[in-house]
Amino acid sequence: MNSAFLYALVGVGLFSLGLYALIIHTHLLRKILAINVMGSGVFLVLIALAKRTGLAVPDPVPHAMVITGIVVAVSATALALVLMLKLVAATGHAELSDDQRESQ
Amino acid sequence: MHDRVAIQTDHTRKQATPLLRILIALPVLAVAAGLAYIMLSFSPVAPGLSGQVTDQLAHSGVSNPVTAVLLNFRGYDTLLETVVLLLALLGVWALGGTELRDEVTPGPVLDSLSRLLLPMLILVAAYLLWVGAHAPGGAFQAGSVLAAAGVLLLLTGWRLHVNLAALPLRMILVAGPGAFVLMAVLTLLIEGHLLQYPAEHAGLLILILETAATFSIGFTLTGLFLGGIPRDRDIE
């Protein structure tokens, strides 16, 4: 097994850890962090698989996608955090309620 | 100003029981195993699009393949990406922003250190922007370093001057997407294809686009960190 697959498997591991945390935690900050960990796993998979060119230089297209993706992930996280803070300001809870009546 | 305490976890809420954790962990493990199996079934050698990029690199105006993909071959990706950044900031502003941060006066050490670091960060950003043409670097890296400088300024209690918060700030924020859209329209009219640069001017055009994008990315990310509309009495 070459190093590209090792890094890709680490990426899969990060993605799965993030997925588990996303489901198990109710606090929205933890959910946002979990989504970021999942995203990092996806980026790692893309970068790792780009190495399989058989040449010294990796495939630049996934690298360009990841650079774009990181900036988009950062801005989406910022928007999510502000949404969370607005929810806290409105309801006093950093969790989404299962009960519809509770939020009224 | 809101209460910081409000963000703490409400412990009276139901926590996941051990049985539930296992019931959730099992399908997640199954997903992980499936993904790992798919990863390992890929061919160990897959050139992807690297051959096409290498073939066309000489016509792109830059010698760094990643920059060539970002700004030339798939320029519309980057165009839309700058728009996504702007939309995220507009979303934060539309929500009214947050005022969680305490206004603090920095001590003399922090104050003088930030004054030393800031020109350095701007210099590094400029270097990254320039070096992107032939080595790892480019608008995103430079914009992120610029945003780090902005975050440092915000953390040390610096605020944008009121006169600059309205129109000048907004001009910088739309400079990147604006330059991209303008370039897209011009190349569409002159060359016949969206963001297809004339080969002899491609390097210069890419540098202009990257410069505009760097400023926009840096200021947008700083604005996202601030989490609210910069104080401006004309707007409120």
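Biologist: What share of the contacts in chain A with a separation of 6 or more comes from residues 24 or more positions apart?

Modeller: This is a predicted model, in which local features need pLDDT of at least 70, side-chain atom pairs count only at pLDDT 80 or more, and totals for chains, interfaces and linings use all residues. Residues are numbered from 1 along each chain as its sequence is written, while chains are lettered from A and ligands numbered from 1 in the order in which they are written. Two residues are in contact if their C-beta atoms, placed from the backbone, lie within 7 Å. Among contacts in chain A with a separation of 6 or more, the share from residues 24 or more positions apart is 53%.

Biologist: What is the radius of gyration of chain A?

Modeller: The C-alpha atoms of chain A fill a box of roughly 60 × 25 × 15 Å along the principal axes. The radius of gyration is taken over C-alpha atoms, and the globule rule is 2.2 Å times the number of residues to the power 0.38. A compact globule of 104 residues would come out near 13 Å, but chain A has 18 Å.

Biologist: How many helices does chain B have?

Modeller: Helices (H or I, at least four residues) and strands (E, at least two) are DSSP runs, numbered from the N terminus. Read along the sequence, chain B follows the pattern α-α-α-α-α-α-α-α-α. Chain B has zero strands, and its helices number nine.

Biologist: Which element gives the most residues to the side of chain A that touches chain B?

Modeller: The contact takes 45 residues from chain A and 47 residues from chain B. On the chain A side, α1 (3-24) and α3 (60-91) are the elements that give two or more residues. With 19 residues, the element that gives the most is α3(A).

Biologist: Which residue of chain A does B:Ile217 touch?

Modeller: Residues up to four places away in sequence are not counted here. The residues of chain B that B:Ile217 touches include B:Leu85, B:Phe140 and B:Gly176. From chain A, B:Ile217 touches A:Val71.

Biologist: Is B:Leu87 buried or partly exposed?

Modeller: B:Leu87 is found in helix α4 (residues 75-94) of chain B. A residue is buried if 20 or more other C-beta atoms lie within 10 Å of its own, exposed if 12 or fewer, and partly exposed in between, with C-beta atoms placed from the backbone. Because B:Leu87 has 17 other C-beta atoms within 10 Å, B:Leu87 is partly exposed.

Biologist: How far apart do the C-alpha centres of domain 1 and domain 2 of chain B lie?

Modeller: Domain bounds come from an automatic or database domain assignment. For chain B that assignment gives domain 1 (16-46) and domain 2 (60-226). The C-alpha centres of domain 1 and domain 2 of chain B are separated by 38 Å.
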